[in-house]
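Have the structure open as you read.

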Amino acid sequence: MMKKFLLLCFVALLSGFAHAQNTRWQDAVYMKNGSVVRGTIIEQVPGKSLKIETRDGNVFVYKMAEVNKITREQMQNQFGNTNRFTAKPKGYGGLVEAGYGIGVSGYGSKFEFDVVNGYQFSPYFYMGFGVGVNVWTNGSGLVSLPLFAHFRTNFMNKPVSPFFALSAGYNLSVTSGIDGGIMIEPTLGVTFRTSNRTAVIFGIGYSGQQYKEEYFYYGSYTEKYWTSAIRLKLGFTF
């Protein structure tokens, strides 16, 4: 019995060691668009398509015409090198960001919070639609809800990459007596990738928003304002 027990332990130890050795390697699919997808190839039709499952459980299917090469690479450990992180090639993408606008003209400074849902067309281009909340800090009590289209382009498919973003749409005022108007917000920033799916972003940009305020003085008239602010934003993409 003891010999059988020791033999079973030895076989289990060898199996565990073999499994550990196998998990040290992963498939790497290099795409013609410059992106790299790493994981385990779970299905492949020669000359037609392949299916790969990433470490976080996502499954992607690609045509072989999109693939440049397939290799086997050593996997980093849990605390390994993050230099391999690249943007996912395509799929749903979300963005949550908060920041502060330093007033240059108009109503002054404001707190900002935005949520964007969209689609990653490539590692370099993203488009989505968002909604936000602006709370002005000049004592006016002004609160507005920006509704906007959001475009963002990463200049590099690297763990750290500069980016340019542009939000444009309509700023809806929820404060009585003040109407909203068009808005435009360009931003330059840096993406710090925390995985192949997630990243922290920091941006500095400009916020231009239109407002209309109604006055009553020997009749009623409307005055238009164009407010400007320098925006500092910290966000998280997923």
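## Rings and their partners

Phe60 is buried, and Tyr62 is too (buried means under 20% relative accessible area, exposed over 50%, partly exposed in between, with a 1.4 Å probe and protein chains only). Keep in mind that this is a predicted model, where local features need pLDDT of at least 70, side-chain atom pairs count only at pLDDT 80 or more, and totals for chains, interfaces and linings use all residues. Residues are numbered from 1 along each chain as its sequence is written, and side-chain values use heavy atoms, with hydrogens and water left out.

Rings of Phe, Tyr and Trp (its six-membered ring) pair if their centres lie within 6.5 Å; planes under 30 degrees apart count as stacked, over 60 as edge-to-face and the rest as tilted. That rule gives seven aromatic pairs. Two of them look like this:

| Pair | Centre to centre | Plane angle | Class |
|---|---|---|---|
| Phe60 and Tyr62 | 6.3 Å | 25° | stacked |
| Tyr92 and Phe238 | 6.4 Å | 55° | tilted |

Tyr92 sits in strand β6 (residues 91-105) and Phe238 in the segment after β14 (220-237), so their pair ties together parts 146 residues apart in sequence. (Strands are DSSP runs of E, at least two residues, numbered from the N terminus.) Tyr92 is partly exposed at 41% relative accessible area, and Phe238 is partly exposed as well, at 33%. Together with Phe236, Tyr92 and Phe238 make one aromatic cluster.

A charge counts as over a ring if NZ of Lys or CZ of Arg is within 6 Å of the ring centre and within 35 degrees of the ring normal. Lys69 lies over the face of Tyr30, 4.8 Å from the ring centre, while the charged end of Arg152 sits over the Tyr126 ring, 4.6 Å from its centre.

Definitions and conventions. Helices (H or I, at least four residues) and strands (E, at least two) are DSSP runs, numbered from the N terminus.
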